[in-house]
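This briefing goes through one protein chain and its contact with a partner chain. Keep the sequence and the 3D view open while reading.

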Amino acid sequence: MLRSNIYEFQSKAHEENPYFPKLARIVRRVPMVEDNHLFLVRFDNPADDEQFDYIPGQFMEISVIGTGECPISLSSTPTRKGMLEFCVRRMGRVTNALYQLRDNDVIGIRGPYGNGFPVHEMEGSNLLLIAGGLGMAPLRSMLNYALDNRRKYERLILMYGSKYPEDILFRDELESLRGRQDIDCMLTVEQSYSLPDAKPWGGRIGMVTDLFKDIRDLDPENTYAIACGPPIFYKYVIDKLIERHFPKDRILISLERRMECGIGKCGHCGIGYKYTCIDGPVFTYWDALNLPEMIA
Amino acid sequence: MKVLKLPKENREKFARALQYFGDVHIPVARGKESFVFKKMSDPADIAWEYLRTIAPPKKYILPSREALLRYDETAGYEAVEPGYDRTQILFGLHPCDIHGLSIMDMVYDGEYNDTYYFQRRKDIAVIGLSCTPDDKCFCRSMGTDSVDSGYDLFLSELEESYMIAVGTGFGDQMVSHTRHLLHESTGEDRKEYLQRRNERKDQFQIELDTSDLPYILDLEKGSEVWDDIGAQCLVCGSCSMVCPTCSCFNMYDRQNLDGVSGERFREWDSCLFKNYTRVAGGETFRDTRADRVKNRYVHKQGHFVEEYGRPGCVGCGRCIDACPAGINVVEVFQRLRGVVA
């Protein structure tokens, strides 16, 4: 019953500081589409590199020294050792500052944070990945993880919708998957072009939800649907999945929220009694129905 | 448990003697009706009859603003190491505030433990003091009107003396050092204590019925009561700032004038502010005042229960006291229950 206040907290005070960013360097930056660049990053200390491991769907807090921190999801896969890849949209204060940095400049990173996709529970099932816009960034990690562990999963289907052809993230990489038998890679755009000198688009035109009619004989009971996109995207995609009798706990969504700490303390990403940073960012649709405000 | 007695004529000497162990912080009057916790310079300043301070004692562990890191563009980051040189003895905490500290301890512990919080927390000692409720106290409803743990010493007021419960080994050191000021407690004292306990439960003037509350809050999430409260609320955040269990903070970097170095701070934040949920690009997830005020109440009485098995409210009444719009948390829940219109 009684506890010793003055001694109880000693050990907790001396554990590892969870707010301390490790130094890393921008090795290279690959422009993907306008204001969406892929940052290839490596820890400054090789020991940090060796210890580091993560799961697709997790994110890290990236510090631009002198500006601040923001959460960015990992686009690389832990199955390919080497650099960490972050697909960053130039959007807010920190990402704007990140875009000012040059190759070999130093940043701080801490993490990985979040639950990530349930890669082990999903083994033996079909994977239906559905991305809208920048939602491809975390899904690209899952996609490559599944390709590298191809035997662990049954059918692998990617449906990815963008506004214009020049908005498609990882376009070359994804187009190169089209001839393969072990993945069904479907890309669609809402409009075929916006710039006069853009590379011509010979692919599909329409919403990502239109792609559902091309999927045949997919057993929803043995499939995980993983959706990631802007708030409005979820409503339409989930309606389609429910129409096709996907169980609510086999529909996974990855959410964006304001995060300051990444470790469940600062409160900003709270949805109901869950924190997006430690309980998410991956939630099931069942969670979403039971937590207010999860989906706009 | 070891129980002793402090005669009232010795109480200031007792408080002074505690300085042997560290800095003593006491409730003192600020203006006519307000009190604050402040480092003791003279034990005569102790407001023995105070009821609630403006800010709760969490300020000693989670300052309103603190530096977490120092940075330099070439050298990178360096952790600031907070903490006190001496033990900080918080003297005169009422049961609600002791529970408030225990709740903060739970929130800052967990999957990731907040080392900054615990670097201060490890040097905090707590001396509790009994109290008489007023028309804003509802600790009895929250189960926080007494404490079984979380204190080193607890002083229960009797007519001529205080009964002292010794909660910890550190508490035992404090009473051993002040033994010349203390007496053994007698059967008479225990009788008087029980009589006062029995009388105290009738002194509460407001009650918040918590039975089934998380479920009712879920059922009533679309209630128009929230729109009414949202229309009243100024979203000033005062209730968060004075709350013993509000723990949210922002983090930001502040650059020094040299342009290459600076500090990363954290600072108290409130979920009532619109920017609280704002993400890059400008979207917010709780747009209306009603959404935000509902989130705050539902978090304390619903979500917190789901997460920790107890409400995140200790019934101290500070939010009722601080609200410039006159919103009373107890009335809000009574209206939601349909008990009052």
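Which residue in strand 8 of chain B stands opposite B:Gly128? The residue is B:Phe154. The model is predicted, so local features need pLDDT of at least 70 and side-chain atom pairs count only at pLDDT 80 or more, while totals for chains, interfaces and linings use all residues. Residues are numbered from 1 along each chain as its sequence is written, and chains are lettered from A and ligands numbered from 1 in the order in which they are written.

**Overall build of chain B**
- Chain B has twelve helices and twelve strands; these are DSSP runs numbered from the N terminus, with at least four residues for helices (H or I) and at least two for strands (E).
- With a radius of gyration of 22 Å, close to the 20 Å from the globule rule for 341 residues, chain B is as compact as a globular protein of that length. The radius is taken over C-alpha atoms, and the rule is 2.2 Å times the number of residues to the power 0.38.
- Of the 341 residues, 45% count as buried, meaning that 20 or more other C-beta atoms, placed from the backbone, lie within 10 Å of the residue's own.

**The open sheet**
- Eight strands of chain B form an open sheet with mixed pairing, in the order 3-2-6-7-8-9-1-10; two strands pair if DSSP finds at least two bridges between them.
- Strand 3 (34–39) and strand 10 (183–184) of chain B are at the edges with a single partner strand each, so one side of each has no neighbour in the sheet.
- Strand 7 (residues 124–129) and strand 8 (residues 153–157) of chain B run parallel and are joined by three bridges.
- Helix 5 (residues 169–177) of chain B packs on the sheet and touches strand 1, strand 7, strand 8 and strand 9 of chain B. Contact means C-beta atoms, placed from the backbone, within 7 Å.

**The side facing chain A**
- In chain B, 53 residues are in contact with 44 residues of chain A.
- Strand 11 of chain B gives the most to this side, with six residues.

**The hairpin**
- Strand 11 and strand 12 (residues 261–268) of chain B pair in the antiparallel sense over seven bridges.
- B:Phe249 has B:Trp268 in strand 12 of chain B as its bridge partner.
- Five residues lie between the two strands of this hairpin, where B:Gly259 takes a positive phi near 80 degrees.

Note on methods
Contact = placed C-beta atoms within 7 Å. Axes fitted to C-alpha atoms, helices over the stretch in contact; angles between N-to-C directions. Buried ≥ 20, exposed ≤ 12 C-beta atoms within 10 Å, placed from the backbone.
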